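Look at the sequence and the model first. Then follow the paragraphs below, which go through the structure part by part.

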Number of protein chains: 2
Amino acid sequence: MKLRVYNLCFLGFGNVNRTLVRLLEDRRQELREHHGIDFRITGIASRRLGRIAHANGFDSAEVLAWAADAESGWSRTKVSSPQEPQPHDVRSWLAAADADVLFEATSLNVETGEPAIDHTRAALEHAAHAITANKGPVVHAYRELRDLAAAHGKRFLFESTVMDGVPIFSFFDELPAIHLHGFHGILNSTTNLILGEMETGMTFDDALKKAQALGVAETDSSHDIDGWDTAVKTAALITVLMDHPIRPHQVARDGIRDLTPQALRNARRDGWPFKLVCRAKRVGDEVRASVQPEKVRATEPMARISGTSSYIYFETDIFPGLAITEENPGLYATAHGMLADFIRAVG
Amino acid sequence: MKLRVYNLCFLGFGNVNRTLVRLLEDRRQELREHHGIDFRITGIASRRLGRIAHANGFDSAEVLAWAADAESGWSRTKVSSPQEPQPHDVRSWLAAADADVLFEATSLNVETGEPAIDHTRAALEHAAHAITANKGPVVHAYRELRDLAAAHGKRFLFESTVMDGVPIFSFFDELPAIHLHGFHGILNSTTNLILGEMETGMTFDDALKKAQALGVAETDSSHDIDGWDTAVKTAALITVLMDHPIRPHQVARDGIRDLTPQALRNARRDGWPFKLVCRAKRVGDEVRASVQPEKVRATEPMARISGTSSYIYFETDIFPGLAITEENPGLYATAHGMLADFIRAVG
């Protein structure tokens, strides 16, 4: 098999993209042998680290050590190349890195989707594939970016935005000529973990601290707690899979702040535990969507989705009920979604 | 979009392929508009009906009426074309039909996989895509047929062989560079339906009759009852997804004949209902596989797979637990798997 080498750029260099670099290195041999793919890391950019680009490629281990040092406030290490002045904006950075693929993993702006949309646009206009773990571009600019990608003969992919990289969007590529009537599910780990802990008597604050200690919840967890994360994921699924663009604020939304440990314990005891459930349903030309705590029957699959697991149930015309459960995603789950997008894009 | 027209041939013309013809007609407009695909039905062959071929295409409605009449012992209708002598073997039939795609849906021979393997080989050698709902070619000749397809630049696809066309095999195409350690699940409708009915007190014979009346069980149901159907599906999954060829008789197999209504009722009452469970696990260079009635905890997802629903749980290195549930598959589920294979093959 003829080996094709791609220049990879990483924008946002937190957990997701660093794990992706590790996973790429781990699977390098397999990518070569089974997919005829090799890669060079030619650009790293983040708010904290600035932008570096080197079209001949950085050493992965060196880049990871440098980023870890910078994060802990040290500046002991340096990446050994290059010495030339580094680019000041995303477009010149992509050019300096001679990017073939951009992995976008900056943090989400729910209201506007920026600057991730602009990053994605820049990549596609540079004729690089744009792969994002950021839901902003999907819920705020899906059709524009999809069409822009097509115009440049490139791909705009985002498998890691929902269910940690489980191939939900791609699953529907494998279900052509099918009509999705609606779906429901559990898509947010932080709230699901907190609800579970509160059922056993923990206070909300302690449960939240536990979720943060496990690295599941962000320091600012209101995005999860108030249901925004689930609402954005719901909007992303509706926009892409139901071909119906919808913004996060159009999803009727209620978070888990008003639930007490007592109420949660009683509900579980009575066989109707609370879950933060997303729902979408096509009604005429509209799609109605909601995210809210719901009591679900204990015998329902959703009732046993615990901890960081997630679940989605699709109603289609051919398959009346088709569900995917993800139990205890591993460290590499989200990164794998981006790796799979990479293989899809260049495959 | 430029419309590409394909000549379709159907070998075996029972429920599956007839439903496929109906589904194809139903989705013709969508195939044209969204996939740039159109089709002609140029060949029908079955043990009962013989072989007809017409490179200019038959009328679908006419072909279905003719087959239905023939099945009910009438010979009122005739397909209006062609008048020339009809081919006597599969190869000359494919040639006369100028086949681009063969849909193979003959009945399964567990021991040898024939004659479906030969049909598939004939199609690929004719440079037609081979799409089968028959598990025989997968468990007895997967590698040969896969390589033969590649040599002719065609596809050998079989998404309808497991879980009625739910894209299980394709799901793993969307999970590149992942290692499957094992799986377990419920894959046979007949036995699952019978076990459910017997739990409510029905005798085995009555439950079997009910399954037959619903069109789920075959007249000769021993293939299902003795676990062969599940064993063959298990072997197909292992062969393809774990890249480990295994024959059905290498799967440790036990059916449901020895279970009494009393035992089933007690087990369900005690919270450990019986299910006919398949399991596969990689152990060193081997894969151990079994199909047998197992008591599963009532809170386990498998315990609530009822009727004709099915379930599979995959253990992988990246996603520790990834499960797909299919609830109450519709009439078109299996046919849809073949339609999706068609789109995959020519897409």
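**A pair within one helix**

D341(A) and R344(A) sit three residues apart in helix α13 (residues 333-346) of chain A, so about one helical turn separates them. Helices here are DSSP runs of H or I with at least four residues, strands are runs of E with at least two, and both are numbered from the N terminus. The side chains of D341(A) and R344(A) meet in a salt bridge, at 2.6 Å from N to O. A salt bridge is a side-chain nitrogen of Lys or Arg within 4 Å of a carboxyl oxygen of Asp or Glu. Side chains of opposite charge can pair when their charged atoms come close.

Are these two residues buried or exposed? D341(A) is buried, with a relative accessible area of 1%. R344(A) is buried too, at 17%. Buried means under 20% relative accessible area, exposed means over 50%, and partly exposed lies in between (1.4 Å probe, protein chains only).

A word on the model and its labels. This is a predicted model, in which local features need pLDDT of at least 70 and side-chain atom pairs count only at pLDDT 80 or more, while totals for chains, interfaces and linings use all residues. Residues are numbered from 1 along each chain as its sequence is written, chains are lettered from A and ligands numbered from 1 in the order in which they are written, and side-chain values use heavy atoms, with hydrogens and water left out.

Over all chains, the count comes to 42 salt bridges. One of them joins the side chains of R28(B) and D38(B), at 2.8 Å from N to O. R28(B) counts as buried at 18% relative accessibility. D38(B) counts as buried at 9%.

Another salt bridge brings R121(B) and D118(B) together, at 3.7 Å from N to O. Both lie in helix α5 (residues 116-125) of chain B, three residues apart, about one turn of the helix. R121(B) is partly exposed at 22% relative accessibility. D118(B) is also partly exposed, at 27%.

Salt bridges can also form a network. In chain A, one such network links R91(A), D118(A), R121(A), E125(A) and E144(A).

**Strands side by side**

Now turn to the sheet. In chain B, an open sheet of six strands runs in the order β3-β2-β1-β4-β5-β6, with mixed pairing. Two strands pair if DSSP finds at least two bridges between them. Which strands form the edges? They are β3 (50-58) and β6 (156-157) of chain B, each of which pairs on one side only. Strand β1 (residues 4-11) of chain B pairs with β2(B) in the parallel sense, over eight bridges. There, F10(B) has I44(B) in β2(B) as its bridge partner.

Chain A has its own strand β1 (residues 4-11). It is mostly covered: six of its eight residues are buried. Eight bridges join β1(A) to strand β2 (residues 37-46) of chain A, and the two run parallel. R4(A) stands opposite I37(A) in β2(A). β1(A) also pairs with strand β4 (residues 101-104) of chain A, in the parallel sense, over four bridges. Here C9(A) stands opposite L102(A) in β4(A).

**Where the chains meet**

How do the two chains relate? The same surface serves both copies: 100% of the contact residues of chain B recur in chain A.In all, 41 residues of chain B are in contact with 41 residues of chain A, where contact means heavy atoms within 4.5 Å. About 3,300 Å² is buried between the chains, and carbon and sulfur atoms give 61% of this area. Buried area is the accessible area (1.4 Å probe) that two parts lose on being put together, summed over both.

Four salt bridges are counted between chain B and chain A. One pair between the chains is E174(A) with R344(B), at 2.7 Å from N to O. β12(B) gives the largest share of the side of chain B that touches chain A, seven residues.
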